[in-house]
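Subject: Structure handover, aromatic rings

Hello,

Please find the structure below. My notes on its aromatic rings follow.

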Amino acid sequence: MELGFAALTRFMSGLNLHYFFYFGFFAFIQIFCLFYAFRKEQFLYPYLCFILMTSFFLGWMNTIRQCSAFCIFLCCISLIEKKDFIKYAIVLLLTTFFFHKSALVICIIYCKMRRITYQISIST
């Protein structure tokens, strides 16, 4: 388990809060990241609300670390489009430390998207 996630779990446990707040915290992170990532595509908001209101979102709480890392990646898509690798790398490292090591796979996606963008710009 990632050190940051374990420390965060111990911290919230040490506060003696009901587990509702623990899951609520991660649900807030995931929902915020989803709506932030799609802020320019507001026509998708009703569909996002549908996903959040159905049992599909509840499954995300079973894989809380990986889904949180994925939602944070969605927020970083704008950094990929802006070609801002420094900010992207910082967020990637923090996500890897705090949530899930599978976030390192996202680095490959960044490289692939840069290559695709580069190939498209050359061909036009």
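A charge counts as sitting over a ring if NZ of Lys or CZ of Arg is within 6 Å of the ring centre and within 35 degrees of the ring normal. Arg-65 lies over the face of Phe-5, at 5.8 Å from the ring centre.

The model is predicted, so local features need pLDDT of at least 70 and side-chain atom pairs count only at pLDDT 80 or more, while totals for chains, interfaces and linings use all residues. Residues are numbered from 1 along each chain as its sequence is written, and side-chain values use heavy atoms, with hydrogens and water left out.

Next, the ring pairs. Rings of Phe, Tyr and Trp (its six-membered ring) pair if their centres lie within 6.5 Å; planes under 30 degrees apart are stacked, over 60 edge-to-face, and the rest tilted. The structure holds 11 aromatic pairs. Phe-5 and Phe-26 form a tilted pair, because their ring centres are 5.4 Å apart and their planes stand at 45°. This pair links distant parts of the chain, 21 residues apart: Phe-5 is in helix H1 (residues 3–14) and Phe-26 in helix H2 (residues 19–37). Helices here are DSSP runs (H or I, at least four residues), numbered from the N terminus.

Phe-5 is buried at 5% relative accessible area, and Phe-26 is buried at 0%. Buried means under 20% relative accessible area (1.4 Å probe, protein chains only). Tyr-22 and Phe-26 have ring centres 5.2 Å apart and planes at 70°, so that pair is edge-to-face. Both lie in helix H2, 4 residues apart.

Phe-5, Tyr-22 and Phe-26 are among the members of one aromatic cluster, which also includes Phe-99.

Regards

Conventions. Helix = DSSP H or I, 4+ residues; strand = E, 2+ residues; numbered from the N terminus. Buried < 20%, exposed > 50% of the residue type's maximum accessible area, 1.4 Å probe, protein only.
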